[in-house]
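Good morning, and thank you for making time for this item.

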Amino acid sequence: MRFDLKVNNVLREVDVPPDMPVLWVLRDILGLTGTKYGCGVAQCGACTVHLDGQPVRACLLTVAAAAGHDILTIEAIEHTETGAKVQQAWLDEEVIQCGYCQSGQIMAATALLQQIPQPTDADIDEAMAGNICRCGTYVRIRKAIHKAASHEA
Amino acid sequence: MKRKNLPTSRRALLGAALSGGGGFLLSAFLPGLPLLKASQAQDTATGVVFMPNAFIRITPLGAVTLIMRYAEMGQGIYTGISMLLAEELGVKLDQVSVEAAPADPAYVDSVAGEEETGGSSSTRDSWIPLREAGAAARMMLVAAAAQIWGVAESACQARDGRVFHPGSERSLSYGELAEAATHQPVPAKVSLKPASDFTLIGTSPRRLDTKAKTNGSAQFGIDAQIPGMKIGRIMACPVKGGHLTGYNRAAALAVPGVVDVVTLPDAIAVIGEHMWAAMKGMEAAFPQWDYGPNATTSTDDIIARMKKASEQSGVVAVKNGNAQEALKQAHERIDAVYELPFLAHAPLEPINTTLHIRPDGADVWVGTQVPGRARQEVADATGLRPENIAVHNHLIGGGFGRRLDSNSIGQAARFAKQVSYPVKLIWTREEDMTQDQFRPYYYDRISAGLTKDGAISGWHHRTTGSSVTARWYPEGMQKGLDPDAVEGAAQTPYGMPDQLVEFVRDEPDAVTTLWWRGVGPTHNVFVVESMIDELAHQSGQDPLALRKKLAAHQPRALKVLNEVEKQSGWGKALPPGHGMGIALHYSFQTWSATVLEVAVEKNGSIRLVQVHSAVDCGPIVFPDGIVAQIQGGLIFGLTMALYNEITLKDGRVEQTNFHNYRMMRLNEAPDIQVHLVPDPEAEIGGIGEVGTVAAAPALANALFAATGKRLRRIPFAKQLGGEKA
């Protein structure tokens with residue numbers, strides 16, 4: 001089936017099965033491999049993208065449900081003011097190890113800061129607990145979110 | 001996992017240029033994939049490229065490429081190794097690009113004895129030789145400049161990618177000198193900078209690999225995109241030793257987007273235009289299996305057999321004095337059994353391999369810790385000659401030992417040779433979890449005694465389990481002894497005049513075993529450090545004070561103990577339900593002492609409050625990298641100690657995804673303070689696995705302090721009732 005997807009502000013027409021998750025459309029059809037496959041069942045958050053500004057798991061979001069909505073991925077997050085600050089904070093705090101989960105972490109953190117510009121530790125816990133980091137960079141993720149928030153002021 | 005102690009051959013490294021000679025024409029050179037470009041990189045141009053050894057390449061336009069013999073899997077090695085090379089080469093880190101080495105014997109790690117990233121050996125094996133490689137290149141560039149100017153080499157200086165002659169205020173860039181440098185001989189002798197002159201080593205520059213990991217541009221193996229490529233999903237027989245008996249080919253091929261179904265005796269791959277087609281196609285194919293001889297095996301069967309095996313004596317690893325007699329004489333004694341579960345690696349990037357196999361050669365795009373083995377696997381699977389197989393190594397989305405094995409690459413090659421197009425073969429998370437090669441289950445019997453005045457009187461440790469060494473590196477076996485199985489048990493930080501350590505090998509038929517972060521020490525240090533804690537409590541001594549007493553002959557042990565005692569406030573009053581535990585160990589030539597504070601609620605739920613870790617790894621290359629590895633390594637080990645075990649029922653692995661193989665999450669992670677107490681004169685130590693080793697014993701000892709319950713079996717959380725797995 002044909003669908004019109006708006007990805008990173010560009011309209012893309014794709015011809016795929018309607019139940020195909022956006023994760024695989026992004027990666028295998030559109031070549032946007034920054035969004036990662038980790039579990040396929042919304043347990044790890046590596047595939048987090050924004051749908052109309054809300055963080056969602058692309059592994060369970062079907063293309064049929066996403067058509068007509070704004071999809072934003074890691075490849076374009078630098079064009080949002082908050083996303084750019086989060087990326088910079090991630091570098092400044094040297095958060096990243098293997099980096100495989102970090103697309104999802106940055107997308108989740110950006111969504112958090114867009115909704116709550118000055119999050120508490122409890123806000124961070126709630127927003128980020130869905131994103132697994134197997135390298136264990138959690139201590140620095142928390143610090144980097146606070147740092148990005150301080151730039152929001 | 002330190003398998004060979006070959007003397008590092010400086011000559012071999014300095015002379016190891018890929019195509020021989022000091023330089024060669026770029027037109028004759030097949031460039032690899034520059035993974036991470038320098039922010040200041042110039043583009044390459046035709047002309048003579050200076051390649052003084054296998055690790056450095058400088059083009060006429062001044063592009064400096066450092067070739068990485070180690071895989072970057074998060075441990076920061078691209079940065080650490082680049083610092084060693086750049087320090088002596090005389091370039092800034094923002095002037096270099098890094099590139100993954102091809103499979104080639106020039107890139108053998110001498111601690112491992114092969115092309116390998118593992119065993120926390122990378123920095124240890126590179127500390128001197130890669131600085132020498134950088135220095136040799138710099139000397140050739142300086143010699144070239146001196147010859148051009150007709151001045152003495154000693155009158156020239158090299159820094160920031162240029163050679164300067166202060167006397168005449170002239171300078172030439174490394175690019176301008178590249179061709180001339182190729183005519184200089186490789187120096188027979190190089191001298192290294194004294195530590196006092198370091199400008200990079202010992203600092204914490206920004207990591208080279210992280211920018212690309214913030215914007216989706218970093219290329220992991222799973223991100224490979226090759227023109228004409230199809231994508232496949234693999235399913236192997238859920239029970240080891242079984243085989244495929246049938247599948248619905250027509251139904252699979254009827255799924256839109258499915259292009260092929262290919263099989264092996266024990267596995268099936270459905271290939272499609274995209275992963276979704278491959279996944280739906282696999283559902284439709286509905287493979288049927290004969291589960292084979294392990295069809296009824298459960299973990300309980302494996303443990304029961306291991307328990308029985310552990311009743312017999314094993315191969316002796318250490319025998320000092322007379323442990324049995326000393327135990328008889330002991331004032332206090334404890335006899336205990338410790339058990340550690342099978343563990344999956346569960347890196348977030350699941351196993352994947354992309355291959356294009358042609359009649360005359362093959363390309364392989366994969367993230368691997370063992371490029372040489374990867375190439376050999378493909379050669380064995382296809383009959384191609386290794387020199388006609390190019391392994392393009394990629395960033396790895398978490399290794400932890402998993403990508404030390406290359407069997408999955410051989411499996412992928414046996415599928416890929418059945419099709420003519422490039423194909424990316426991906427294991428789903430469920431496949432990755434259930435078909436992993438697991439950290440062995442260990443069944444450890446240990447008896448220890450104390451004299452009246454608190455010295456150890458007899459120590460008998462018998463470990464029973466699978467030998468990873470015997471399968472993976474049989475040359476490393478020592479007359480039936482697996483050195484890895486007793487690493488951390490045979491040598492402890494403590495004075496043990498009467499010590500007996502044995503290994504009983506018992507291989508589970510239904511499981512293949514593999515290295516797992518921290519290897520032998522992650523296993524044995526849990527047992528040893530728990531037992532020391534048991535002895536302390538049994539005899540009414542403070543656990544930290546007892547360690548100081550028993551390790552009084554080890555000044556570096558005392559240093560890390562004193563540091564962590566001070567930083568953690570050891571001994572201070574804690575709220576009800578809280579407890580502090582300590583673990584000391586010497587692993588991978590690094591000393592560390594870790595104190596963990598835990599809080600246990602009435603319902604048994606565990607909260608990790610705070611961790612302090614003092615670390616002495618000898619000289620320090622990249623301080624922030626060390627801190628990050630200790631923090632991450634502790635989280636990795638604490639996750640395992642709290643939650644993780646792989647179990648089998650009817651021959652199948654019961655854990656399938658992160659809902660039943662639980663990961664620690666951000667809201668559970670404690671603050672972790674790392675205190676570096678380096679010893680610049682000591683041998684340099686490894687760091688990637690040190691934190692993981694300390695986690696389980698520090699936590700077990702803290703839980704005892706908090707609850708009075710001694711947990712001798714991992715994982716802990718469900719035993720206190722606060723966590724339903």
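**Domains, chains and contacts**

Chain B is divided into domain 1 (10-197), domain 2 (221-291 + 351-426) and domain 3 (300-340 + 438-720); these bounds come from an automatic or database domain assignment. Please keep in mind that this is a predicted model, in which local features need pLDDT of at least 70 and side-chain atom pairs count only at pLDDT 80 or more, while totals for chains, interfaces and linings use all residues. Residues are numbered from 1 along each chain as its sequence is written, and chains are lettered from A and ligands numbered from 1 in the order in which they are written.

The C-alpha centres of domain 2 of chain B and domain 3 of chain B are 37 Å apart. Their contact involves eight residues from domain 2 of chain B and ten residues from domain 3 of chain B, where two residues are in contact if their C-beta atoms, placed from the backbone, lie within 7 Å. On the domain 2 side, the residues are five nonpolar, one polar and two charged. For these classes, Ala, Val, Leu, Ile, Met, Phe, Trp, Tyr, Cys and Pro count as nonpolar, Asp, Glu, Lys and Arg as charged, and the others, Gly among them, as polar.

Turning to chain B as a whole, it has 19 helices and 29 strands. Helices (H or I, at least four residues) and strands (E, at least two) are DSSP runs, numbered from the N terminus. Along the principal axes, the C-alpha atoms of chain B fill a box of roughly 80 × 75 × 50 Å. How does the radius of gyration of chain B agree with that of a compact globule? With 725 residues, such a globule would have a value near 27 Å, and chain B has 27 Å, so the two agree. The radius is taken over C-alpha atoms, and the globule rule is 2.2 Å times the number of residues to the power 0.38. In chain B, 58% of the 725 residues count as buried; a residue is buried if 20 or more other C-beta atoms lie within 10 Å of its own, exposed if 12 or fewer, and partly exposed in between, with C-beta atoms placed from the backbone.

Chain A has six helices and five strands, in the order β-β-α-β-β-α-β-α-α-α-α along the sequence. Its C-alpha trace spans about 45 × 30 × 25 Å along the principal axes. For 153 residues, a compact globule would have a radius of gyration near 15 Å; chain A has 15 Å, and so agrees. Of the 153 residues of chain A, 60% count as buried.

How do the two chains meet? The contact takes 46 residues from chain A and 46 residues from chain B. On the side of chain A, the elements that give two or more residues are α1 (22-29), α3 (81-92), α4 (102-115), α5 (121-128) and α6 (138-152). The most comes from α6(A), with four residues. By class, this side of chain A has 25 nonpolar, 14 polar and seven charged residues.

One of these elements, α1(A), is mostly covered, with seven of its eight residues buried. Among those buried are Val22(A), Trp24(A) and Arg27(A). After α1(A) comes Gly31(A), whose phi is positive, near 75 degrees.

Val22(A) also leads us to the core. In soluble globular proteins, nonpolar side chains tend to be buried together. The largest nonpolar core here has 284 residues, and those with the most contacts inside it include Val22(A), Leu85(B) and Leu703(B). Such a core is a set of buried Ala, Val, Leu, Ile, Met, Phe, Trp, Tyr and Cys residues joined through C-beta atoms within 7 Å. Leaving aside neighbours within four places in sequence, Leu703(B) is in contact with residues including Gly579(B), Val598(B) and Phe716(B).

Finally, some backbone details. A cis peptide bond joins Ile714(B) and Pro715(B), with omega about 5 degrees. Pro715(B) lies in the loop between α18 (690-707) and α19 (717-720) of chain B. Asp52(A), a residue other than glycine, has a positive phi near 50 degrees; it is placed in the loop between β3 (48-51) and β4 (54-57) of chain A. Is Asp52(A) buried or exposed? Asp52(A) is exposed, with 12 other C-beta atoms within 10 Å.
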